[in-house]
Each structure stands twice: as C-alpha cells, then as structure tokens.
Amino acid sequence: MNEMWGESTVKLRAENAARGQLFDEGNYAMFIHWGLYSQLGNKVDGKTYYGIGEWIMNPRMAGIPVEEYKNLAKTFNPKKFDAKAIAKLAKDAGMKYIIITSKHHEGFAMYHSKACDFNVVDATPWAKDPMHELAEACRAEGLGFGFYYSHNQDWTFPGGNRGPTTDEKGNPATFDDYFVKKCLPQVEEITSNYGPIEIVWFDTPGNMPKKYVQQLVDVVRKNQPNALVSGRAGHGLGDYQSLGDMEVPHKNVDGMWESVDTTNDSWAYAWYDEYWKTPKEILRRLIACVGRGGTYMLNIGPRGDGSVPERAARSLEESGAWIRRYPQVVYAADASPWEHALPWGDVTVKGNRLYLSVFEWPAGGKLYLPGLKTKIASAKLLLGEKSSAVPYESAHGWTILGLPPVAPEKLVSVIEIELAGEPEVDPTFGVDPDIGTEILADFASVAGAELSQKRWMEKFGEWKSVHHVHDWTADAKATFEVSVLEPGDYVVSLTYAGEGRLVWGVDVVGGEHIQNQQNSSHNYQEFPIGWINFPEPGTYAVAVSFLEGDPALASLKSIHFAPAR
C-alpha cells in the first residue's frame with residue numbers, strides 16, 4: 001500500500017486564508033465512504049468477509065466479477081439517506097468540512113455523471129444525486145464540502161488500473177482510454193457542478209504517470225482555485241501530506257498534513273464491525289493530531305440504505321459536545337512544543353497559551369510538566385466558560401501543578417497556562433513520578449541496529465504501524481534520554497515482539513545494569529525487566545540491549561518506567 005498511496009508531499013502551511021483555511025485552522029473533518037459496496041456490508045452469498053468493505057470486489061476479499069458487481073446497482077435504493085442529518089452530525093461533532101467518495105476504486109459514481117452511466121442516477125432505481133443534497137446541506141450548516149476521487153484505480157471501466165483490459169467490443173483498452181473517456185471528464189464534473197469545493201482528495205496514484213496527474217491538478221486549479229489537492233494525487237503535486245491510513249503520528253510533523261482515520265475498523269459499512277471508537281478515544285486521536293501539528297479527518301460509513309450507524313453517531317456527538325466547551329484546544333491551535341504526548345495527555349498551543357488536555361487524571365493531586373522554560377503568568381483549570389486558579393511551583397526544571405482529587409470533566413479535563421512569552425521547552429521525556437511513562441522506540445538513538453517503521457494489516461485493510469528497533473547486533477544499543485524529578489527506584493518494562501525466550505538488558509548509562517529473560521510472541525507485549533535506580537534529579541541516558549535469543553525476530557517497540565511503590 002505504500003506504493004499505492006504514493007510518495008507524500010510536504011509543503012508549508014497555507015498563508016492565503018482563502019485557500020485551505022478550514023484545513024489549516026479547523027483541524028477536524030468528516031470523511032464518508034459510501035457506495036454500492038455499502039449495501040453488501042461485507043456479506044456476499046451468505047459469507048462474511050472481514051476487512052474494509054469498499055474493497056469487497058478484490059480477489060483478496062470476495063472476488064466479485066465485474067458484471068456481477070455492476071448488477072448491484074439495480075437494487076441500490078438508499079431511501080434513508082438524509083443529507084441534512086449528516087451535515088448536522090458533522091457540525092455537532094465539531095467538524096469543519098465533509099469529504100465524500102464521488103467514485104471509489106470499483107468505479108461507481110455516487111453522483112450524476114454524464115461521462116459514464118455506471119452512476120447513482122442512471123443505474124439505480126433511486127435515481128437521485130445525493131451529492132447535490134449534501135453540498136447544499138453543508139453550505140446551510142456553514143461547513144466546507146469536497147470529494148474523494150480514485151483517479152488511478154477503476155475496477156469496472158476498461159483500461160482503469162486493475163480494471164478490464166478490453167472494452168465491450170473486445171478491443172484492447174489502455175489506461176489512456178480510461179483517463180480520457182472517464183477519469184478526466186469526471187474530475188471536470190465534480191469540480192464544476194457542486195459549488196465551492198474545499199478539497200479534491202485523490203487516492204492511490206500507484207504508478208500513474210505524472211502527465212496524467214498534472215492534467216487533473218490543472219482541472220482542479222481551473223475550476224476550484226481555492227481548493228486543496230490531497231497529497232495522494234502523486235508525484236509531489238498535492239498541496240499537503242496525507243499520512244498512511246489510520247496513522248496518528250507520535251512525533252511532531254512539519255508542514256501541512258492530515259491523518260485519515262475511521263470510527264471503527266472499516267471505511268465502508270461492514271455489518272459485523274461494532275468496534276467503535278469511544279468519545280474519549282476520538283478526542284485522544286484528534287488532540288494528538290493537532291498536538292503534532294496536523295489535521296484529523298475521521299470517517300463514517302453509512303449503511304446501504306443511507307443511514308449512519310447509531311453508535312458512530314453517538315460517539316461523534318458526545319465528543320463534539322466536549323469540543324463546543326473547549327474549542328480553543330482544537331481550532332486554529334498549533335503543535336505542542338514538547339513535540340510528543342505526555343504520560344497524562346497532550347498539549348496544544350495558541351499564542352502564549354498552553355492547553356493541557358488531561359486524559360489520565362493524577363490520583364495524587366499533582367500534575368507534572370517537564371521542561372517548561374518560559375515563565376508562567378497564570379494557570380487555570382477550565383470547566384466550560386468557568387475557571388479556577390491552579391497553584392504551581394517549579395523544581396529541577398519541572399512545573400508541578402496542584403489539582404483537585406476528582407477530574408472536573410468526564411472525558412478530558414483542560415488546564416490553561418498563560419505564559420509570559422512564547423513557549424520555550426526542553427522536549428526531553430520526563431519520567432512522571434506518579435503515572436507510568438512509556439517512551440516509544442521512535443525517540444531512541446540507535447546504534448548497531450535498525451530503527452524503521454513497520455506496517456501490517458490486522459484484517460484486510462485495517463492498518464497498524466509501529467516504529468521498532470530490529471536487526472540487533474551484539475553491541476547494539478537503543479538509548480533513551482529521560483529527565484527525572486523524583487530520585488529512587490523505578491520498575492522498567494519493555495514492549496517487544498519476537499520468538500521464544502529472549503534476554504534483554506537495560507542500563508542507566510554510568511549507573512546500574514539489569515537484565516532478565518522473558519518469553520515473546522509475534523504480537524507486541526509488555527514484559528517487566530526489573531528495577532533501576534535514579535540516585536538524584538537530573539537527565540539520564542537509559543540504554544536497551546538485546547543479549548540472547550533470535551536477533552532477526554526481536555523487535556523493540558517501547559520502554560516503560562513506573563514508580564516502584
């Protein structure tokens with residue numbers, strides 16, 4: 001999929017407010033995957049196929065032949081589709097624009113296309129164009145609107161990537177046939193017939209030649225000069241970077257970028273998939289994206305009848321109610337100066353104000369903030385429009401905030417810190433004295449081994465990723481720099497994968513060494529190694545080494561520290 005997604009592009013943040021303003025300042029959007037595949041819901045001929053439903057035609061899913069798939073249009077009649085309700089849901093969720101599938105890889109146009117009659121008006125008994133309704137509903141709610149368009153893959157049109165290789169007369173069909181007859185005119189249609197568009201979200205360019213991508217971008221520029229083009233257009237011709245599916249970064253990312261995610265594990269509706277993200281998890285991932293400097297686009301997959309799964313809607317509405325109380329945390333907010341999450345939550349910034357989103361309320365009544373160098377003017381615990389002063393003190397480069405024993409918010413509590421100037425921070429990871437601290441391998445300095453990103457699918461199309469240290473040699477080290485406020489003993493654990501019993505070592509550089517043997521599996525699991533001691537406050541280097549076992553399969557994901565009490 002890395003090849004299909006194409007090389008990403010990173011450009012500077014939009015300076016022209018008329019172009020990309022909702023993307024740059026809104027930081028939150030709705031993605032919608034909806035098409036013929038939605039009425040199947042991942043069940044074909046009584047058999048359930050687990051994975052992303054919009055790929056149901058693919059041989060790795062149900063392998064539905066082209067003509068059989070096209071016949072689905074004869075029964076597509078989504079009478080419960082309600083554009084106004086969907087736009088209202090996005091608005092209530094706190095989202096600033098909606099991007100919907102105008103044509104996915106299977107080639108069915110969810111709008112009235114004159115370029116190809118395999119579309120929702122000409123090929124179905126419903127015979128309506130839902131995109132006109134949704135575009136109007138978005139404008140009524142003050143939301144932006146845009147289209148997803150699969151420009152390279154088309155599995156049902158002759159010449160499209162992974163599509164038929166001959167036309168209806170049996171003549172050979174080339175990609176140029178598909179591009180000229182369908183792709184280019186359809187992009188002309190979606191950028192001409194639905195009013196102002198916020199984004200044209202191209203997908204999976206694969207090996208599509210640059211000349212074709214350039215023509216599509218030129219059409220967007222001509223018809224929608226204020227619209228952005230997604231980074232997945234290909235060849236660096238997009239306006240911003242789009243990360244891999246379902247990927248929320250752990251480090252700050254420069255430039256203008258988005259994370260695309262979904263409310264459960266599938267993009268399109270799958271009848272069995274009830275693993276919904278809770279309101280708190282939606283907020284955690286949203287604030288993580290804003291805190292890393294980007295935008296979060298979260299998908300819903302309506303059913304074949306057009307209705308939105310109720311549990312997805314509930315999570316969106318509940319998280320949206322929180323955003324209405326704390327809009328300053330999300331909108332027009334900048335990245336955290338710590339450049340990563342903290343053990344209790346995350347930080348976003350507006351000018352000289354820090355917004356601390358506390359997901360794990362400290363039971364001990366103290367919240368520890370490492371590395372803040374700028375003087376504090378005030379600290380307040382927010383409760384909607386109300387606030388109360390928070391006492392604070394400094395010690396050894398840490399700020400310690402005094403908090404009530406019970407969190408004021410059910411989902412996420414917010415502390416506003418006003419600084420005397422621009423925030424200046426030492427981003428070194430702090431070992432929290434109360435809450436367990438996990439430091440991912442992304443942040444290690446590695447010698448004698450490899451540090452890289454690994455992606456895999458749990459189910460077909462359900463992407464997971466990890467940065468891991470692997471290919472260990474005899475003298476290899478993964479070294480983590482940490483700041484310690486409270487000296488003493490800490491329990492150290494490692495999260496890793498491998499095969500058989502493995503021996504790992506952990507050293508406080510210049511201090512004590514511990515090592516232990518634990519089992520392993522192909523799944524990443526946390527295993528305790530032992531106690532180590534930090535004798536006094538300060539900055540330490542902690543090195544992890546692989547001592548015994550199969551180094552070809554040993555994969556380190558993170559190190560954990562917890563107070564030994």
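**Salt bridges across the predicted model.** A search of the whole structure finds 27 salt bridges, each defined as a side-chain nitrogen of Lys or Arg within 4 Å of a carboxyl oxygen of Asp or Glu. Side chains of opposite charge can pair when their charged atoms come close. This is a predicted model, in which local features need pLDDT of at least 70 and side-chain atom pairs count only at pLDDT 80 or more, while totals for chains, interfaces and linings use all residues. Residues are numbered from 1 along each chain as its sequence is written, and side-chain values use heavy atoms, with hydrogens and water left out.

**Close-up 1: Lys91 pairs with Glu141.** Here the two side chains meet in a salt bridge, at 3.9 Å from N to O. Lys91 belongs to helix α5 and Glu141 to helix α6 (residues 130–141), so the pair ties together parts that are 50 residues apart in sequence. Helices (H or I, at least four residues) and strands (E, at least two) are DSSP runs, numbered from the N terminus. Lys91 is partly exposed, with a relative accessible area of 39%, and Glu141 is partly exposed too, at 25%. For these labels, buried means under 20% relative accessible area, exposed over 50%, and partly exposed in between (1.4 Å probe, protein chains only).

**Close-up 2: Asp154 pairs with Lys182.** The closest N and O atoms of this salt bridge are 2.8 Å apart. Look for Asp154 in the loop between β5 (144–150) and α7 (175–190), and for Lys182 in helix α7; the pair links distant parts of the chain, 28 residues apart. Both Asp154 and Lys182 are buried.

Close-up 3: Glu281 counts as partly exposed at 27% relative accessibility, whereas Arg285 is buried at 18%. Salt bridges that share partners join Asp261, Lys277, Glu281, Arg284, Arg285 and Glu360 into one network.

**Close-up 4: helix α5 meets helix α10.** The axes of α5 (residues 83–93) and α10 (residues 310–325) come within 7 Å and cross at roughly 45 degrees. Axes are lines fitted to C-alpha atoms, for helices over the stretch in contact, and angles run from 0 to 180 degrees between N-to-C directions. The two helices are therefore oblique to each other; angles under 35 degrees count as roughly parallel, over 145 as roughly antiparallel, 65 to 115 as roughly perpendicular and the rest as oblique. From α5, Leu89, Asp92 and Ala93 are in contact with residues of α10, including Leu316 and Ile323; contact means heavy atoms within 4.5 Å.

**Close-up 5: Asn119 in its loop.** Asn119 sits between β4 (97–103) and α6, and is buried, with a relative accessible area of 0%. Its side chain reaches the backbone nitrogen of Val121 at 2.9 Å, and a polar atom of that side chain lies 2.9 Å from the backbone nitrogen of Asp122. Leaving out residues up to four places away in sequence, Asn119 touches Phe108, Ala109, Tyr111, His112, Ser113 and Thr124.

Note on methods
Polar contact = N/O pair within 3.5 Å; in protein donor to acceptor, adjacent residues only side chain to side chain.
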